[in-house]
Amino acid sequence: MREMIYDPHPAPVPEPLFALGSVDELEKSPIYQLEVNGRPETVYHTDVFDYAPVVADDPAAGIEVRLTVGKPFDEVVVRPSVRGIVPARDGNVLTFTVYEWQKLTVELDGDKQTPLFLFLQKRYPKPENATHVYEKGHIYNVGTLELHENDVVYLEEGAVVLGKVRADHADHITIVGNGIINGSPWHLPESNAHCFFLYFTWCNHLTLEGFTAVDGPSWHLVPAACDFVTVRDVNVMSREVTGDGIDITSCQHVVVEDSFFRAADDCVCIKAHGLIGDKSTVRNVEDVWVRRCVIWDAEPGNGIEIGYGLCCFEIKDLHFEDCDIVHCEYEGNMGGACMSIHLADSAYIHDIYYDNIRVEQAEQKLFDIKVLDCKYTMETRKGRVEDIYFSNIRVLNGAFPVSLIRGYELSHTESRPVNIRFDNIEILGHRCTDVLDMHMVVELAHDIYVDGVRNCIRRKF
């Protein structure tokens with residue numbers, strides 16, 4: 001297994017570490033050869049996953065996938081398993097047909113280091129008002145692409161942009177297309193770096209659609225203090241520790257849908273704190289919708305996380321629905337949860353909704369709600385966690401995960417999570433009727449409801 005290196009204080013990377021002359025210099029998969037509807041497609045390679053963004057124009061007529069595997073294997077699994085895709089096999093050739101656009105993982109013999117991420121997507125045409133156009137078959141070494149108000153970036157299928165993106169106080173920005181943004185020039189090959197990949201501050205009416213973002217230096221998609229954000233049909237994949245998928249930081253009115261996140265840290269994360277010395281990005285978070293996404297949480301971090309850095313007054317009206325967590329790998333630290341709230345700061349967190357979440361494999365924790373001190377914050381006053389709703393959550397396979405709800409108590413202060421509700425929770429085919437059924441530890445918290453029945457009544461001692 002690849003050793004992941006985390007540097008808590010990485011040296012600055014003032015300039016890109018390298019440039020490439022053509023798309024042919026990007027590493028291609030040594031394992032997978034892909035055809036879709038009879039057309040060869042490029043499969044790109046990293047040391048922990050391969051990936052192929054593919055345009056499919058007419059899914060209703062059928063998208064025929066033919067995958068040749070260049071190594072021996074016994075079993076293959078295509079996830080999300082709820083899609084019901086079972087490939088036909090002829091030797092080392094796998095074939096299957098789907099009838100809608102899909103974001104899939106192909107996994108051989110349970111090996112998490114050699115999956116293929118297959119993205120079958122609609123075609124995005126070039127907008128007439130495009131201000132930056134990156135064409136098919138070309139590679140562009142942009143360093144840092146600075147965007148301004150009304151900029152429209154178009155990434156044609158087969159285009160590759162090497163670099164990172166930055167915008168500040170710039171409204172009506174769009175990045176759209178089927179191409180790739182690759183952030184590998186901004187970090188050492190085996191370590192994270194102290195900069196964000198696609199970073200937007202105070203940018204209203206921000207649209208990110210269709211493209212693939214891979215191997216950034218740290219957090220990948222970072223809208224901070226932005227309103228009216230739409231993230232649709234994007235593919236985000238990180239390799240390095242601190243490689244969060246999307247950090248929705250101090251934002252309001254956000255929709256994230258039909259997207260894929262494979263992160264070597266938190267996949268979908270809610271935050272509210274100052275970023276890289278910018279204290280202005282501390283605002284309330286509200287009206288966020290994350291739906292129909294596929295999530296793979298690698299060793300660090302959590303699948304769907306609220307925390308850390310919750311320094312605002314209020315976080316409310318967040319909705320996570322109809323998502324597939326295909327893996328939540330074992331961490332062994334404070335994370336490793338499919339769905340988590342980690343409050344080490346002063347925010348009042350309430351009215352948070354999780355509905356129709358399917359979990360393929362939870363190696364450590366299913367639910368994890370904690371009020372705590374931690375190394376990521378200097379706050380001494382703790383906020384509150386109240387009115388959290390989980391409904392229609394299913395764990396489909398793997399081991400039975402544990403869960404945890406824990407409050408905070410010192411001689412002079414306390415913060416207890418309260419009114420946490422679980423309805424229709426099914427783990428490995430078993431309908432859970434109380435917290436013990438969920439293998440849940442509850443400490444310094446009370447009024448936990450399971451299918452409407454009150455558990456964990458607060459004692460007088």
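Trainee: Let's start at P217: is this residue buried or exposed, and what is its relative accessible area?

Mentor: P217 is buried, because its relative accessible area is 0% (buried means under 20%, exposed over 50%, partly exposed in between, using a 1.4 Å probe and protein chains only). Before we go on, keep in mind that this is a predicted model, where local features need pLDDT of at least 70 and side-chain atom pairs count only at pLDDT 80 or more, while totals for chains, interfaces and linings use all residues. Residue numbers run from 1 along each chain as its sequence is written, and side-chain values use heavy atoms, with hydrogens and water left out.

So where are we? P217 sits in the loop between β19 and β20 (strands are DSSP E runs of at least two residues, helices H or I runs of at least four, numbered from the N terminus). For a sense of scale, the C-alpha of P217 is 43 Å from that of T433, a residue 216 positions away along the chain.

The loop that holds P217 also holds W219, between β19 (212–214) and β20 (221–224). Look at the ring of W219 against that of F196: the centres are 4.7 Å apart and the planes are at 5°, so this pair is stacked (rings of Phe, Tyr and Trp, the last by its six-membered ring, pair with centres within 6.5 Å; planes under 30 degrees apart are stacked, over 60 edge-to-face, the rest tilted). F196 comes from the loop between β16 (180–182) and β17 (198–201), 23 residues from W219, and the pair links distant parts of the chain. Both F196 and W219 are buried.

The aromatic theme carries on elsewhere. The model has 15 aromatic pairs, and Y44, F49, Y51, F117, F119, F260 and W296 make up one cluster. The strands concerned, β3 and β4 (residues 50–55), run antiparallel and share 2 bridges (two strands pair when DSSP finds at least two bridges between them). They belong to an open, mixed sheet of 5 strands ordered β3-β4-β10-β9-β6. β3 (44–45) and β6 (76–79) are the edges; each has a single partner strand, so one side of each lacks a neighbour in the sheet.

K164 puts its charged end over the ring of W186, 4.3 Å from the centre, and R384 lies over the face of Y348 at 3.9 Å (NZ of Lys or CZ of Arg must be within 6 Å of the ring centre and within 35 degrees of the ring normal).

Now for charge against charge. There are 32 salt bridges (a side-chain nitrogen of Lys or Arg within 4 Å of a carboxyl oxygen of Asp or Glu). Take R283 and D227, whose closest N and O atoms are 2.7 Å apart. R283 is in the loop between β26 (268–272) and β27 (285–291), and D227 is in β21 (residues 227–232), so their contact ties together parts 56 residues apart in sequence. R283 counts as buried because its relative accessibility is 18%, and D227 does too at 15%.

D368 and K365 form another bridge, 2.9 Å from N to O. Here D368 is buried at 0% and K365 is buried at 7%. There is also a network, in which bridges with shared partners join E209, R232, E257, D258, R291 and R292.

β33 (residues 365–371) and β35 (residues 402–406) pair in parallel over 4 bridges. β35 also runs parallel to β40 (residues 440–443), again joined by 4 bridges, and there S403 partners M440.

Finally, the surface: L17, F18 and L188 make a nonpolar patch of about 270 Å² (patch residues have over 30% relative accessible area and no salt bridge; like charges are joined within 9 Å, and nonpolar side chains, namely Val, Leu, Ile, Met, Phe, Trp and Tyr, within 5 Å; areas are Shrake-Rupley values with a 1.4 Å probe, and for residues only the protein chains shown count as cover). F18 lies in the segment before β1 (32–36) and is partly exposed at 34% relative accessibility, whereas P217, where we began, is buried at 0%.
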